[in-house]
Structures are given as structure tokens and as C-alpha cells.
Amino acid sequence: MTTLSPPAAGSNAKPASQSAPMRPTTQRQLDDMVARLREAAPAFVRLSVSDRIALAQSMQAGYLRIARLSVEAACAAKGISADSPVAGEEWATGPWSVVRHLRLIIDSLRAIDRTGTTPVGGIGRNVDGRLTVRVFPTNRIDGVLFSGQTVDVHMLPGVNEESLEATRASFYKGRKHDGRTVLVLGAGNIAAIPSMDVVTKLFNEGSVCLLKMNPVNSYLGPFIEEAFAEAIARGFLAVAYGGAEEGGYLAQHRGIDEIHLTGSAATYDAIVWGPPGPERDARKARNQPVLSKPVTAELGNVSPVLVVPGPYSEKELAFRAENIAGAVTCNASFLCNSTKVLITAKAWEQRGSLLGALERILASVPARKAYYPGAEQRWMRLAGARKRVRNIGSPAQGELPWTILAGLDASDPGESAFTTEPFCSILSETEVGSDDPLEFLDRAVDFANNRLWGTLSADIVVHPKSLKDPVVAD
């Protein structure tokens with residue numbers, strides 16, 4: 001079991017300046033990084049499982065050393081007092097996630113070393129017959145810390161137990177490549193994402209990585225460089241800095257085999273389809289991207305929460321409202337899977353109680369610094385000119401209020417809140433269907449799938465008593 005602790009004596013990482021991003025890496029330096037990675041890629045493919053375990057352990061120990069200083073730097077950048085409860089967000093979405101991820105990687109590698117494969121949880125079938133696999137909790141620690149919470153992966157149609165076994169951990173079952181170099185374009189909002197993307201590419205897929213930090217949180221780059229110093233020294237990882245120009249140069253670099261992006265759809269489109277305009281539209285229509293390399297991406301979303309009508313008590317509604325508020329306020333709402341649209345049922349008599357509880361809880365949460373570029377402009381476009389808008393709290397300069405846009409017309413084809421990810425402190429609300437749970441679910445699911453932009457995430461809130469109805473449960 002690992003423990004987060006202050007950096008060891010002699011740690012070189014220091015909080016970077018929050019006033020400006022790191023100096024961009026020059027094209028010559030980028031070329032040298034790519035060349036060194038490509039030279040090391042074949043050796044990385046041949047690395048034994050025991051050597052991979054040792055490397056992952058080194059990276060985990062390194063991240064533990066820089067944990068506290070990296071959190072302090074993130075808090076400074078986001079206007080959070082490092083000794084406040086809100087600083088817990090930076091621990092949870094930074095060191096806690098990275099260290100845990102590496103612990104799970106090490107556990108999986110040890111299982112591969114013993115058995116040739118990774119373990120899975122219980123296997124079942126969902127209502128439409130597809131294979132499901134229980135992937136959480138994986139051990140007693142997680143079972144205690146997250147009591148009552150489970151995670152199942154629902155496989156695509158056609159996946160059976162045999163193909164699941166054959167394709168799981170395929171890199172370690174003889175399906176190796178000759179060495180691949182991946183460009184990882186890091187997310188600018190959450191500290192753990194760049195590191196976890198790199199860890200996944202290194203250990204799941206056996207690829208060396210060039211991580212280009214996002215300018216918004218490039219101050220974290222030196223901490224990552226120190227934490228993962230062994231991987232860098234051996235040529236398995238490089239960390240670069242810069243913006244769109246450097247990212248575009250690397251994306252087109254002939255030494256880069258594939259790309260992974262966590263960021264905006266606009267960035268993805270610019271990389272894959274080229275600059276906006278009629279030519280790009282025509283290329284999309286022909287399915288003719290300007291970039292032929294494999295590109296994986298985690299992009300934005302207008303994330304809904306569907307509240308199914310049920311026999312909620314006032315206390316239960318307040319509990320649900322607190323969960324929704326947490327999904328809105330985390331990281332000042334600069335999250336691509338932050339709740340952005342609340343879908344309630346028409347004529348549901350408890351709608352007012354839920355919205356009232358939600359307002360009261362948001363009123364108890366201090367406004368947050370709008371640290372992500374463009375937040376104020378996005379807020380103004382979506383909420384500034386509306387007549388029916390509920391701004392909660394009294395934000396200071398540089399902050400944005402928690403904002404509810406209630407009663408939006410679900411049938412309005414021009415409603416921008418349904419097609420634009422706000423990426424700021426806005427929650428919209430709309431009504432569909434009726435207070436009959438089945439009719440509501442049919443209408444709400446259709447609205448979420450076919451009207452809201454994006455496909456990243458969605459939540460459904462269902463009362464336990466409603467789940468006792470087998471039709472509702474299915």
C-alpha cells in the first residue's frame with residue numbers, strides 16, 4: 001500500500017510561475033526528442049515484464065516524491081488555498097489518481113508475469129444480451145473505500161468470453177509491434193490526465209511517448225519530468241511544451257506513429273480534418289482526413305443527468321441535489337464530463353423541490369476562479385443575454401457565479417445550451433415526457449442521445465423503489 005507524503009529531501013521540483021506557460025520547445029528540440037524516442041522504441045517493446053514492473057514502481061515512487069509540491073502548484077494556478085478542503089480536489093485528481101493507476105498497472109503486470117493474462121471480475125449479460133464484465137471493485141481496499149459502488153464494462157455486440165480472453169492484454173500475448181512512438185497531447189484541466197494517458201500508452205500498448213503539455217497547466221511538466229525521470233533517461237518518454245503550433249508540428253511529424261488527445265473537438269478537427277472552412281467540410285463529407293495516422297481522443301460533451309420520477313422524500317431529494325451539485329462544481333466546472341443539463345419530467349410535482357435544493361447547495365459553495373481560458377466569454381454567450389437565468393452567489397473579480405438556466409425548451413432546435421459545451425459554471429435544465437417513469441425514460445434517453453452534443457458521459461438517477469419494478473429496471 002502506498003502513502004502520499006511530502007517530497008523527499010533533495011527533490012528538484014519546484015512550483016513553477018503561474019503567470020505564464022513554460023517556454024515552448026523549439027522544433028530542433030522536438031526533432032531530437034522524436035529521434036531519441038524512435039531509437040529506444042524497439043528496446044522498449046522487448047523489455048521483460050519484470051523490467052516493466054520495476055519501471056512502473058520507479059514512476060510511482062517518483063510521483064509520490066513530487067505529490068505535495070505539484071498539488072501546491074495546481075492550487076496556486078486555480079486560486080485555491082492549499083490548506084482548504086477544496087485542495088482535496090487537486091489531491092484526488094492529481095497524485096491520488098496517478099499513484100493508484102500505477103498501483104493497478106503493477107498489479108496487472110504481476111498477474112501477467114504469473115499467469116500470462118490479467119484477471120477479470122464477474123462476467124454476465126445485460127438486458128440486450130451483450131457481455132458485461134465487473135471491473136470494480138478489484139480488491140478489498142476499493143470495496144471498503146467505495147462501499148456499494150460497482151463498475152461494469154458492457155462489451156460491443158459479438159464479443160464473447162473467448163474473444164475477451166484472446167484480446168485482453170494483447171500486447172503481452174504475442175501481438176507485439178516493432179516499436180511505436182505516440183504523441184500524447186495532454187489535457188489542460190486535470191493534473192492526472194497527461195500522466196495517466198502516458199502510463200496507458202507505455203504499459204498497456206508498449207509504445208514510447210512524447211507528451212506535449214497543454215499551455216494551461218504546463219507548470220506541471222517539470223514535476224512529471226522529475227517523477228518519471230527513469231523513463232525519460234532511458235528514452236521511453238519525453239516532455240515538450242508549447243501550443244497549437246508545436247502540437248501541429250508534432251502531429252504531422254513523420255517520426256510520430258499515432259496520436260492521443262484529451263481536449264476539445266475543435267483541436268481534434270484541426271488535427272484530423274484541417275483548418276475550418278468549406279475545404280474541411282468537403283473532406284469530412286468524403287471521409288478524407290488530412291492526417292492518416294491513428295488518432296484516439298477523449299473530447300468534450302454536454303453531459304446530462306436524467307432524474308427519473310419516483311417516491312423521493314425531501315431528504316432523498318436533497319441528497320440527490322448534493323450529488324448533482326458536486327458534479328457541477330468540481331474543478332470549478334472545468335470538466336468535460338461535468339453535469340451540464342438536468343433533464344426532469346414534465347408535470348413532475350417534485351421538480352421545484354429538487355431545483356430549490358440544488359440552488360441552496362450551490363449557494364453554500366463559494367464561487368471559483370475562472371482559470372480556464374475563454375470561460376467568461378463562453379459564460380456570456382450562453383447566459384449573459386438571457387432573461388431567465390439564476391446566478392447564485394456574489395463572485396469576485398475573475399470568478400464566475402454558479403448559474404442555472406431553468407425551463408429551457410427541449411423542442412427548440414436553436415437552443416445553444418444543448419449543442420455547446422459551456423466548460424464553465426453553467427447548469428441548464430429542461431423538461432421532457434411525463435411523470436410516468438417509462439415515458440420519461442423513453443423521451444429523456446432520446447433527447448440525450450439525439451439532441452445533446454457529444455457522447456462522453458451521462459447519469460441516470462433512479463429511486464431504489466422504482467428499480468423494484470422489473471420493467472423500469474430493464
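Visitor: Is Cys209 buried or exposed?
Guide: This is a predicted model, so the value is computed from predicted coordinates. The relative accessible area of Cys209 is 0%. The cut-off for burial is under 20%. Cys209 is therefore buried.

Visitor: How far is the sulfur of Cys209 from the closest cysteine sulfur?
Guide: The closest one belongs to Cys336. A disulfide needs the two sulfurs within 2.5 Å. The gap is too far for a bond, at 20 Å.

Visitor: Which cysteine has the sulfur nearest to that of Cys336?
Guide: Cys336 is in no disulfide. Its relative accessible area is 15%, so Cys336 counts as buried. The nearest cysteine sulfur lies 11 Å away, in Cys330.

Visitor: How many disulfides does the structure hold?
Guide: A disulfide is a covalent bond between the sulfur atoms of two cysteines. Cys209 is too far from its closest partner for one. For the structure, the count is zero.

Visitor: At what angle do the axes of H12 and H13 cross?
Guide: H12 covers residues 314-329 and H13 covers residues 351-363. Their axes come within 8 Å. They cross at roughly 50°.

Visitor: What is the handedness of the crossing of H12 and H13, and which residues of H13 make the contact?
Guide: The crossing is right-handed. H12 contributes Glu314, Leu317, Ala318, Ala321, Glu322, Ile324, Ala325 and Thr329. H13 contributes Ser353, Leu354, Ala357, Leu358, Ile361 and Leu362.

Visitor: How many residues of the contact of H12 with H13 are nonpolar?
Guide: Two residues of this contact are charged. Two are polar. The nonpolar residues number 10.

Visitor: Which word describes H3 relative to H6?
Guide: H3 spans residues 87-115 and H6 spans residues 192-204. Their axes come within 9 Å and cross at roughly 10°. The limit for this class is under 35 degrees. H3 relative to H6 is therefore roughly parallel.

Visitor: How many residues of the contact of H3 with H6 are charged?
Guide: H3 brings Thr93, Gly94, Ser97, Val98, His101, Leu102, Ile105 and Leu109. H6 meets them with Ala192, Ser195, Met196, Val199, Thr200, Phe203 and Asn204. Eight are nonpolar and seven polar, while the number of charged residues is none.

Visitor: Which residues does Phe171 touch?
Guide: Phe171 sits in the loop between H5 (161-167) and E4 (181-185). At 3% relative accessibility, Phe171 is buried. Residues up to four places away in sequence are not counted. Phe171 touches Val45, Arg52, Lys176, His177, Asn204, Glu205 and Gly206.

Visitor: Is Asn331 buried or exposed?
Guide: Asn331 lies in the loop between H12 and E10 (339-345). Its phi is positive, about 55°, although Asn331 is not a glycine. Relative accessibility is 1%, so Asn331 is buried.

Visitor: Is Ala347 buried or exposed?
Guide: Ala347 is in the loop between E10 and H13. Ala347 is not a glycine, yet its phi is positive, about 65°. Exposed means over 50%. With 65% relative accessibility, Ala347 is exposed.

Visitor: Where is Pro137?
Guide: The peptide bond from Phe136 to Pro137 is cis, with omega near 0°. Pro137 is in the loop between E2 (131-136) and H4 (140-145).

Methods:
Residues numbered from 1 in each chain as written. Predicted model: local features only at pLDDT ≥ 70, side-chain atom pairs only at ≥ 80, totals over all residues. Heavy atoms only, no water. Axes fitted to C-alpha atoms, helices over the stretch in contact; angles between N-to-C directions. Helix = DSSP H or I, 4+ residues; strand = E, 2+ residues; numbered from the N terminus. Left-handed = near helix turned anticlockwise from the far one by under 90°. Contact = heavy atoms within 4.5 Å. Nonpolar A, V, L, I, M, F, W, Y, C, P; charged D, E, K, R; others polar. Buried < 20%, exposed > 50% of the residue type's maximum accessible area, 1.4 Å probe, protein only. Parallel < 35°, antiparallel > 145°, perpendicular 65-115°, else oblique.
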